[in-house]
Structures are given as C-alpha cells and as structure tokens.
Amino acid sequence: MAEAAAAPQGLLLAAAFVSDAQYNRNIPFETSPEAVSALWRQENMGSLASPHLSRRGCGNVALLPSSCWLYYLYNHWMIQAATYFFIFLNLSLAVFEEPAVYPLPFLATSLIEVLCLLVFSVRLMHFAKVTPRNIFWKDTKNICVMVAILMSLTDLAVYGTLRIYNVRSVRWSRIVRPIFLINFAESRQIRRAFRSIRNTFPEITYVFLLFMFSVLMFSLMALKLFGERNLQTAEGLPYFTNYLEIVFDLYVLVTTANSPDVMMPAFDFSWWYALFFITYVIINTYIFMSVFLAVVYNNYRKHLKNEIRKLAYMKRRKMVEAFNLLKEEEGAEFVVREAQWKQLVKLVAPDISNSHRELLLHISDDEQKGFIDKKSFVRLADLLNIQVITLKIRRHPLGRWLPHIYNSAASQFLRGMVRHRGFVWTYDVIILINAVFIALDEESPYISYAEWVFLALYIIEILLKVYTYEPRTFFGKNQFWNWFDTLIIFAALTATILNTTLKSTTEYNSQQILDIVFILRVLRLIRIVDSIQRFRVIMNTLINIVPTMLTFGGLTLVVYYVFAIIGMELFQGKIQFFPANSNAPHALECGNPALKDSMFARAKYCKNNFNNFASSFIVLLELTVVNQWHVFANGFANVTVQPAKLYFIAFHIVMVIIIVNIFVSFILEAFFVEYSVEKSEVETAIEQKIQELGMGIQEEELQDEKLLDNMESAEHDLEGEGGTKPPAKGLVFKIASKRYRTVDALLQRMFEAEIPPEDEGPSFEEILNLSPTDAVPSNVTFEAAA
C-alpha cells in the first residue's frame, strides 16, 4: 500500500467516504487531517495491513491517530468470527447446565461463562475506543450489553454462593444471554428485525385488544348458551361452565387446533348451535387473523422502506462528499480527473485487477474525456459492489489431442444433438419415468433390472456432456447442477453395486444401504426443478431470501431461547418419560398422577417436556406448528397451576402471531420484488460497455456451458506499462447471476434509481433521524415493488 502512504489527505478521506458508501456504514467518523493520515498509514503496519482490512476502509468511527489500529482490529473478520464463537458458546451453556442434556460440573460452566463475559467486556471496551464518547453512551445497544454483563456476573456469584450452602436458586440471568447476539455491532440485521417488531407492536396492540374483546364477548355468550344445559365433553368433563376455561378454549379455536372437538357437545345437542361456532370462526379466525397479517405486513413495509431510504441517502451523501474533496473545475462543471479516479479505486478496492479497473473506467468515462463527471462518480460505490466475473474460453482437450476425430462430421452431429434442447427434454421424460419405477415394488426383478437401465442412461448422459463441453467448464465452481447430477449418479451406482453384492450374501442384511439407494434415487427428481422456467424463478427467490431467512432464524433462536429457559424453570421435572415396558409408578401418566386420564397422557406425549434444553426446543417447535398445542397447555397446567396456560398463550402471540407473520410479510415482499425489479441502471451500463468493448458473452452461450467461470489473474490485465492494450485472447466479462442479489439490495437500488443525480439528499444528521412518516422524494415509486 505504498500508494496509500503517499496519497494526499483529501484522496484518503474520499476513499474513506467511498468505502463507507460501498459497505453501507453509517456512523460519521472524524475527518481531521491527523485522523485521516493515521488511518491510511496503518496500511503499512505489519500483519494488520492485510487485504481484508484495506478493503474495509476507515469505517464509521472517530479515528484518532492512537486508536486507528484498534479500528482495523475491530473490523477484522477473525475478530468478528471470534466474537460470534463466544456468543454461541455462551448460549450453548444451557445444554450443559442443570437441567442438562450433557451435564458438566458447575465450576466448568461457570469458568466458561466468565471467559465469555470477559471477551464481551473487551469487545465492548474495544468498540468504545474507536467510537466517539458521546455516540457510544447514547447507543442503547452498548448500554444493554453492559447491563447484561453485570446481571450475569451478579447472578453467577449469587447462585454459586447459595450452591455452596446447598440452597437451590434460579439462574434468572440466563434469559439475558441472547442480548449479546442482538446488540453487538455485527448483528445489525437481527436488530433490524427486532426494530420491525417494536415498531409494529403498537399497531398490533390495537387489533389484538379488539380481537380479545371479541373472544371475551363470544365466551360470555357461550357461557349463557351452554353453561346450564349439563353438557359434557368427550372426556366426561362439564362443558362450558367455567368462564376462564371457555375463554381459553375459544382462543384455541381461533388457531383451529381443537376444531371440531370443542364444538361437538353443543352440535350433538342441537345442530343450530353450530351457527354460533361458524360465526365465531369467520370473525376471529378468518377476519381478525387476516387483519393481523395485513397490519404486520403494512408496518413491515413502511419501516423497511425507511431503513432502505436511510441507506440510500447515506450512500448518496457520502459519494457527494467524496466528489467534493476531489473535484476540479472543467469548463462550466466540476469533475474528477482520471488519474485521481484511478488512485481512488486502487485505495478502495486494491484487490481488483487492472483489467477490471479499466472496465470500470470505461463505464465512468464513457466518452473518454479524461475526467469523470459528478453523475458518473456517484455510481462508483455501486460499480464496486457489482460482481464482474471474468470468463476464459477454453478448447476441449480432445479438440487439441485428436482434432480429426473430435471435429469430424459424426462428432459434430453428436455434440449438436447434446446441445439441442430436445436432449434435455428427453432426459426430463426419462427422469419422470424413473420416478414411476421408484414408486413400484422393489422386490420385482423387472424393477431391479430397470434400475440398472436408468443408471446406464444417466451415466451415458454425463459422458456425452463431458465429451461435448470442456471438462473444466462442465465442472466449474458455479456449475451446481452438473456437480449435483454427477455426485448423485455415481453415489447411486456405488450404493447399488454394493447393495447387489451384499444381497448375494445371505447372512448379511443390507437394509441401511438399501435406504441410501432409495434416497439417492428420489434425489434425482430434483433435476426437473432447473428445467422449468417458473420453477427457476421460485428457486431464485428462495436463494435470494436465504440471508434474511438466516436473520429470522436468529430471531427465532432468541425467542426460543428465552421461552426455553423460562419453561425449564417452570416445568422442569413435572413430566417424565418412561419406556413402553417400564414398571415405574405412574409410568402411564408420565410420572405424575395429575395427568391420569388426561389427553396428554393418552396421546403419550410424555417425551414432550421441559426437563432439558433440547427437549424444551422440541416442545417450542411443536407449539409453533400449533396443532395440538392446547393439549400441551392443559397437560402442563394440570401438573402445576391453571395460570400456567398463560405461558403457552404468550408464546403463541409472540411467535405465531407476530414473528411468523413478519416472516410471511418478508416472503411476500421478496416475491413481489423478484417479479417486479429489473436490472439496475448501473448493471445495464456495465453490460452495455462490456458488449461495446467486444468482451461480452450472452446468457444463452453460458447455458451452453462453453465458458469457464474463473476469476481473472494478473496475466489477463488489460493495462500494461505502456498503457491500455487489447484484451487477451479468450478473455470476456459477465455480470454475476442476479440470483445472488438480496432483496434488501434490490430495494435499495430501486430507491436510488428514483433519486435525481443532482439531489445530494439531507445532511448526515437528518438522514439518521428520518422516520417512517417523513416525506420521501415525490418521484420515488416504491409501490412498484408491491
């Protein structure tokens, strides 16, 4: 990084702004000359001056000369990975603490927890060193982490002391452990999800209160209608005589978990009473639950747009600030000279090759004027974020070794046949026929022989494709389906041969291998997914939402963890599981006589308990599915107290009504965006320039798999010592597949495309304070995504 050491401070600061815009970092940093110089001098400081660090830029913190290296260390991927390791190590302690799945001594778990808390404290102090003091102490997440550390240490000390004197106490601080997952700086996506819940909660509250009013009113009507008629349930219990029990049963009916059981005593008495339940279900299940989804979805979209708006405006503002630092007057406008632009890109993205850099320059300076105007400069962060893949055309080895045979008329006819769409259709039909044979009786000898025929056909298909397409192309790193087909076929071949061999040995039962063979056969059917266009659209959408699914996975982990800890404290040991042949007292009642003749015991749900962390997670997953959740609630209420049902109702409200609906809202938005959003203006400009330079490749050519997806190396650079030279033979560029674009990125590009080039946006402070009710640019049409 000699260029960085010698670069002017204005250029270094501009590189800082561009890097922040590229990575969407939004906290203002110190812009004094001393801070900027110290920042980039750090590029030459030993092991910290790595490509990983240099790509990160200077960040969003107050960078004083003495703390600059701390910022680099803070953002290093190894430090972030270590932080996540200790976060999940801290969370996993619940598996080894009482009640434990795998018990460890209290001293061992305590030392591990203290170590984790020490790491969190160091991480927090590290963040305080690289953040302005006024920003650090105003940041709620930092306060939450400090409070959680103090609470954990206090509880650990009290619990350990009481344990010495054999006094049982509750480890209440375990429910705050997810705070570390939520509130460290690396987890901003999970925090965004929690902000969506927090912002949506007020609107949901009004709907929920109206919904509960409806449930209470119907419960009162049910008490008056059925309470005096001496009706009984299927278990022989009084029917609808207790108002609170009626409220619970009707709440469960909203989830349909106890339908039609809850209605049958009244329906048996008179079919007219079915109208009461039909009316209740229509109003509360179909109308109110739909309103819940509508409210959650509307608020989710509103706050998502606000988040995206902040990111878009912040990126624009940072790019404008970078332009203002480098601009020079050229006639009636301000521009950035080509030489400075090149130095800037080398500072911000030192890892990209010269040919890639020259491609970006051709796009930014389209008319080769020797300078970049403001409109083109502002797009630089987007240009750097778009993955440009270099592809290298390769000849087939047989074409080099045996050209007369490989290029003969018969060989060309064979290769043309393999490339034809009919070849793919033929094998799609073969796969469907194979699916029919898979469903037939395996014991039939004809079915066994047919399996060998199908395996032979699949092997022939792979051999023909390898013969037609260059092998390194066919097995390129992005050729997922080719790898999938080959591995499945050869694994099935190996398993089938092994299974046939073992079948000939009468003393060995090869059922496990046979199961593997069956699974591999069924997996072949997945190939059909990539052959149908509409299926590919759905698959692309699913791939795009994977990052956010992981975010909601983290959100679900937090909710499950808190409820699992609470559930273990409330219900631990109340229900026991016994093997079917056990002679233990009350084994049929799950070890608790209070469950005698209960639906919980008759259904043999004894293994669904809160006796350890793993069992608790399984119970919570079953509650999320909703079916039979009232049986769990009644069972645990019977072995404790009736108000214990509130635990299960609370989990249903938080997990099913709120979080699942937010997840459904995101899925809806993802599909709307996938079907609505076209390629961004920046991507289109890059593709046009690639084609103009004669270095492009069309999508249909890629489908024929004539190219190998390899990142370019130094030998393919376009720029040599003497300036620009023609591209190396066989070197072409391509935009990475849009299936790897996330929904958030697509929405941000939609918003940025609607901001006029001359609009510099609000100031940094105004952007950070934007609320969902603030006005957006009049020409922004976010509704296009819906």
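**Entry 1: cysteines**

I started with Cys144, which counts as partly exposed at 29% relative accessibility. Next I looked up Cys116, and this residue is buried, with a relative accessible area of 0%. I kept in mind that I am reading a predicted model.

Then I asked: how many disulfides does a search of the whole structure find? It finds one. Cys590 and Cys606 form this disulfide, and their sulfur atoms are 1.9 Å apart. I checked the torsion about the S-S bond of Cys590 and Cys606: about -70 degrees, so the disulfide is left-handed. I also located both ends. Cys590 sits in the loop between α28 (546–571) and α29 (599–602), while Cys606 sits in the loop between α29 and α30 (613–625). The two are 16 residues apart, and the pair links distant parts of the chain. Both Cys590 and Cys606 are buried.

**Entry 2: the whole chain**

I stepped back to the overall numbers. I noted 36 helices and eight strands in the protein chain. The chain has 786 residues, and 48% of them are buried. Its accessible surface comes to about 39,000 Å², with 63% belonging to carbon and sulfur atoms. For contacts, I took those between residues at least 6 apart in sequence; 77% of these join residues at least 24 apart.

**Entry 3: the cores**

I looked for the largest nonpolar core and found 106 residues in it. Which residues have the most contacts inside it? They are Phe277, Trp629 and Phe648. Helix α14 gives the largest share of this core, 13 residues. Another core, of 32 residues, lies apart from it, and includes Leu11, Val18, Ala21 and Val345.

I followed up Phe277. Leaving out residues up to four places away in sequence, Phe277 touches Phe226, Tyr239, Phe240, Leu250, Leu253, Val262, Met263 and Ala266.

I also picked Ile204, in helix α11 (residues 188–226). Is Ile204 buried or exposed? Ile204 has a relative accessible area of 5%, under the 20% cut-off, so this residue is buried.

**Entry 4: a nonpolar patch outside**

I had read that in soluble globular proteins, nonpolar side chains tend to be buried together. Here I also found a nonpolar patch on the surface. The patch is formed by Phe267, Trp271, Trp272, Leu275, Ile278, Ile282, Tyr286, Ile287 and Val291, with about 930 Å² of accessible area together. Helix α14 (residues 274–326) supplies the largest share, six residues. I checked one of them: Ile287 lies in helix α14 and is partly exposed, at 45% relative accessible area.

I went looking for exceptions.

Glu98 and Pro99 are joined by a cis peptide bond, with omega about -10 degrees. I placed Pro99 in the loop between α6 (77–96) and α7 (106–130). The bond from Ser259 to Pro260 is cis too, with omega near 5 degrees. Pro260 is in the loop between α12 (243–254) and α13 (264–269).

For positive phi, I found Asp597, near 65 degrees, in the loop between α28 and α29. Asp597 counts as exposed, at 59% relative accessibility. Val626 has a positive phi of about 85 degrees. Val626 lies in the loop between α30 and α31 (629–639) and is buried, with a relative accessible area of 10%.

Note on methods
Residues numbered from 1 in each chain as written. Predicted model: local features only at pLDDT ≥ 70, side-chain atom pairs only at ≥ 80, totals over all residues. Heavy atoms only, no water. Patch = residues over 30% accessible without salt bridge, like charges linked within 9 Å, V, L, I, M, F, W, Y side chains within 5 Å. Areas by Shrake-Rupley, 256 points an atom, 1.4 Å probe, with all protein chains shown as cover. Salt bridge = Lys/Arg side-chain N within 4 Å of Asp/Glu carboxyl O. Helix = DSSP H or I, 4+ residues; strand = E, 2+ residues; numbered from the N terminus. Buried < 20%, exposed > 50% of the residue type's maximum accessible area, 1.4 Å probe, protein only. Contact = heavy atoms within 4.5 Å. Core = buried A, V, L, I, M, F, W, Y, C linked by side-chain atoms within 4.5 Å. Disulfide = S-S within 2.5 Å.
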